[in-house]
Amino acid sequence: MMRAASQKKSLIRSVSKPKQGSAKTVQPDWRLLDAEQFLLPTYKRQPVVMTHGRGPFVFDSTGKKYLDFLGGIAVNALGHAHPRIVKVIRREAARAIHLSNLYHHAYQGPLARKLAGWSGMDRVFFSNSGTEAIDGAMKLARLFGRQADETPGTTAKKHRFLALENSFHGRTFGAISVTSTEKYRLPFAPVVPGAEFVRFNDVADLEAKFDDTVCAILLETVQGEGGIYPVSEEFWNRARTLATQHGALLIADEIQCGLGRTGRYFAYQKFPSRPDIVLIAKPLAAGLPLGAILAREEVAARVSPGVHGTTFGGGPLACAVALEFLKIVEDQKLLENIRTRGAELRDGLTKLASKSSLIREIRSEGLMIGVELSVEGGPFVTEAMRRGLLINCTHDFTLRLLPPFIITRAQVREFLRLFELILATAPQPASALDSAESADPGRVAHAAAR
């Protein structure tokens, strides 16, 4: 009872306007109380109720407006309530929200064709989410690596996965098994066996760990949760060569950095060679849950009916919206806008960094930006929200910015104005960079490997 009473006090919100001359009426927001009582405590949510969005802005239940530079963590690439997306959702919801994958519908084939054209891959499998796509790709890698003379049910010679330090690939058992960040992985040990982690961008370590027992190397072309770190061309090229040499697959996790986020259709397209499998999700269906595995024909040829499947992946509503999303990116030339606005943001942040010792480094590709601080970033996220700006902090010290593809020059200027105020007024934690790095030696190793 005491805990419930404490929760109630912490979640009280003003939801009614006082009469003229009277004291403010304060009432509890029962939606927050219900969430506190009945939801699993898996998130540290801000104590506000978001009600709707429009373009790059979202609004809470008090009417407060926020400039959204988090975008549902790279999901809302077209902002909120894009009129073309809303039109498709209304049309398709009145036709068929779900149809079994035992039947064809009007949108899976055309969407697969469009994604193959964007990516240079040959075949597509639709999933519910990015983490489901990761698990499916791991299954394909094991399937691809198993030799014809190896008995099903036994451990194949080629069964090991290489992944990178500082990686994040999702929350299912397969995905956390190739996620190096220990807070996500260790509480659930033992995880799927056979995964080993390579030091980020360390070619010598990659060569030492790659042999004929590896079925795949899995990497984020640009690490997102890890703090916006791009894989180097040297590391990518060597991974491609070693995968080919040992008959393994190169799997590119583009769940956060793909589908335009870096100013290219896919982040790996800056490299001269292609992966064998590409994984996408987040912005694909403009906020509806949809992911996909894109694969070369040689990999797809190992698949037969019944080997893999999904109930909800690739439904007609989600696929119709995804097709419209891709068309909007093309029609509105959003890749050009991403590159232009991304450069403006980087230039503006660089100027702020020259005036503030709080900014240690800026890492960015397109509209995927990490601002590494010399102090912990949590207070800056809180101050930003107070001022009407949504950002988040990853790995304690890196502010992550993921604005929508439709962001304008004026909105970039408004962000920079707010961010300068936040740098000047956010409470400063006592911890200095040296003590932070001594508490997290992996952070030092990651920086040294760049």
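Ground rules first. Residues are numbered from 1 along each chain as its sequence is written, and side-chain values use heavy atoms, with hydrogens and water left out. Because the model is predicted, local features need pLDDT of at least 70 and side-chain atom pairs count only at pLDDT 80 or more, while totals for chains, interfaces and linings use all residues.

Helices and strands here are DSSP runs, numbered from the N terminus: H or I with at least four residues for helices, E with at least two for strands.

Start with α13, residues 334-355, and α15, residues 409-425. Their axes come within 10 Å and cross at roughly 20 degrees. Axes are lines fitted to C-alpha atoms, for helices over the stretch in contact, and angles run from 0 to 180 degrees between N-to-C directions. α13 and α15 are therefore roughly parallel to each other. The classes are: under 35 degrees roughly parallel, over 145 roughly antiparallel, 65 to 115 roughly perpendicular, the rest oblique. The crossing of α13 past α15 is right-handed. That word means the near helix is turned clockwise from the far one by less than a right angle; anticlockwise gives left-handed.

Who touches whom? From α13 come R341, E344, L345, G348, L349, L352 and K355; from α15 come R409, V412, F415, L416, F419, E420 and L423. Contact means heavy atoms within 4.5 Å. By type, the residues of this contact are eight nonpolar, one polar and five charged. Nonpolar is Ala, Val, Leu, Ile, Met, Phe, Trp, Tyr, Cys and Pro; charged is Asp, Glu, Lys and Arg; the others, Gly among them, are polar.

Zoom in on E344, in α13. At 22% relative accessibility, E344 counts as partly exposed. The cut-offs: buried is under 20% relative accessible area, exposed over 50%, partly exposed in between, with a 1.4 Å probe and protein chains only. Leaving aside neighbours within four places in sequence, E344 contacts R409, V412 and L416. E344 and R409 are 65 residues apart in sequence, yet 7.9 Å apart in space, C-alpha to C-alpha.

Next, the sheet. Four strands form an open sheet in the order β15-β16-β19-β18, with antiparallel pairing. Strands pair if DSSP finds at least two bridges between them. β15 (359-365) and β18 (392-394) stand at the edges with a single partner each, so one side of each has no neighbour in the sheet. The twist averages 30 degrees from one strand to the next. Six bridges link β15 to β16, residues 368-373. E361 stands opposite E372 in β16.

Two helices lie across these strands. α13 covers β15, β16 and β19 (398-401), running at about 175 degrees to β15. α14, residues 378-386, lies across β16, β18 and β19, at about 165 degrees to β18.

Now β13, residues 277-280. Which way do its side chains point? I277 and L279 point one way, V278 and I280 the other, and all are buried. β13 runs parallel to β12, residues 249-253, with three bridges. I251 has I277 as its bridge partner in β13. On to β14, residues 291-295: four bridges join it to β13, antiparallel. There, I280 is partnered by A292.

Last, α5 (108-119) and α12 (316-331). They pack at about 35 degrees, axes 9 Å apart. The crossing of α5 past α12 is left-handed.
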